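Dear colleague,

I am passing on the structure below, and after it I set out what was found. Please read the notes with the model open beside them.

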Amino acid sequence: LIPAEVVSGEDRDQGRIFNYDVTGGRYEEMEFYGTGSGGSYARSLIKQQWNAQLDRGAAVSLAVSSLFEAADEDSATGGPDAIRGIYPTCATITAEGYEEVPEDEIAARFSELLRSRGASR
């Protein structure tokens, strides 16, 4: 991991997200970003529910929901497969560093999401 101030040449108390286009153009995103064919669907949900005060659990749930929404709306975006136990990888990045969210937690959050939508596994 490279601290944001090393990348940007500025002192900041928060991380930064950059989006790069195919020509190498660099664009700083404000607080979140999603890319890929389902990225716009994920970004839309995050835009509706994001707030900088989310705790870890709420942020992971929002990430899970946005991935589910992207997969539901875009056939090229793979979604969770509870039958086969296949889930996306999710991680948190804080001042303390990078930490993968355990797969059993991701599975539980997807199950909770499906229950809240009235679906079953």
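Which residues make up the largest nonpolar core? Before the answer, a word on the basis: this is a predicted model, in which local features need pLDDT of at least 70 and side-chain atom pairs count only at pLDDT 80 or more, while totals for chains, interfaces and linings use all residues. Residues are numbered from 1 along each chain as its sequence is written, and side-chain values use heavy atoms, with hydrogens and water left out.

The largest nonpolar core has 11 residues in all, namely Val60, Val64, Phe68, Tyr87, Cys90, Val101, Ile106, Ala107, Phe110, Leu113 and Leu114; such a core is a set of buried Ala, Val, Leu, Ile, Met, Phe, Trp, Tyr and Cys residues joined through side-chain atoms within 4.5 Å, where buried means under 20% relative accessible area with a 1.4 Å probe, protein chains only. Two or more residues of this core come from each of α3 and α4, and α4 gives the largest share, 5 residues. Val60, leaving aside its neighbours within four places in sequence, is in contact (heavy atoms within 4.5 Å) with Cys90, Thr92, Val101, Glu105, Ile106 and Arg109.

The structure also holds 1 aromatic pair, for which ring centres must lie within 6.5 Å. The rings in question, those of Tyr87 and Phe110, have centres 5.9 Å apart and planes at 25°, so the pair is stacked, a label that applies to planes under 30 degrees apart, with over 60 counted as edge-to-face and the rest as tilted. Because Tyr87 lies in the loop between α3 (56-73) and β3 (91-94) and Phe110 in helix α4 (residues 103-116), the pair ties together parts that are 23 residues apart in sequence. Both Tyr87 and Phe110 are buried.

As for the overall arrangement, the protein has 4 helices and 4 strands, taken as DSSP runs (H or I of at least four residues for helices, E of at least two for strands) and numbered from the N terminus, and along the sequence they follow the pattern α-β-β-α-α-β-β-α. Of its 121 residues, 31% count as buried.

Finally, helix α2 (residues 39-49) packs with α3 at an angle of about 140°, their axes being 7 Å apart; here axes are lines fitted to C-alpha atoms over the stretch in contact, and angles run from 0 to 180 degrees between N-to-C directions. On the α2 side the contact is made by Tyr41, Ala42, Leu45, Ile46 and Gln49, and on the α3 side by Leu62, Ser65, Ser66, Glu69, Ala70 and Glu73.

With best wishes

Note on methods. Phe/Tyr/Trp six-rings, centres within 6.5 Å; stacked < 30°, edge-to-face > 60°. Buried < 20%, exposed > 50% of the residue type's maximum accessible area, 1.4 Å probe, protein only.
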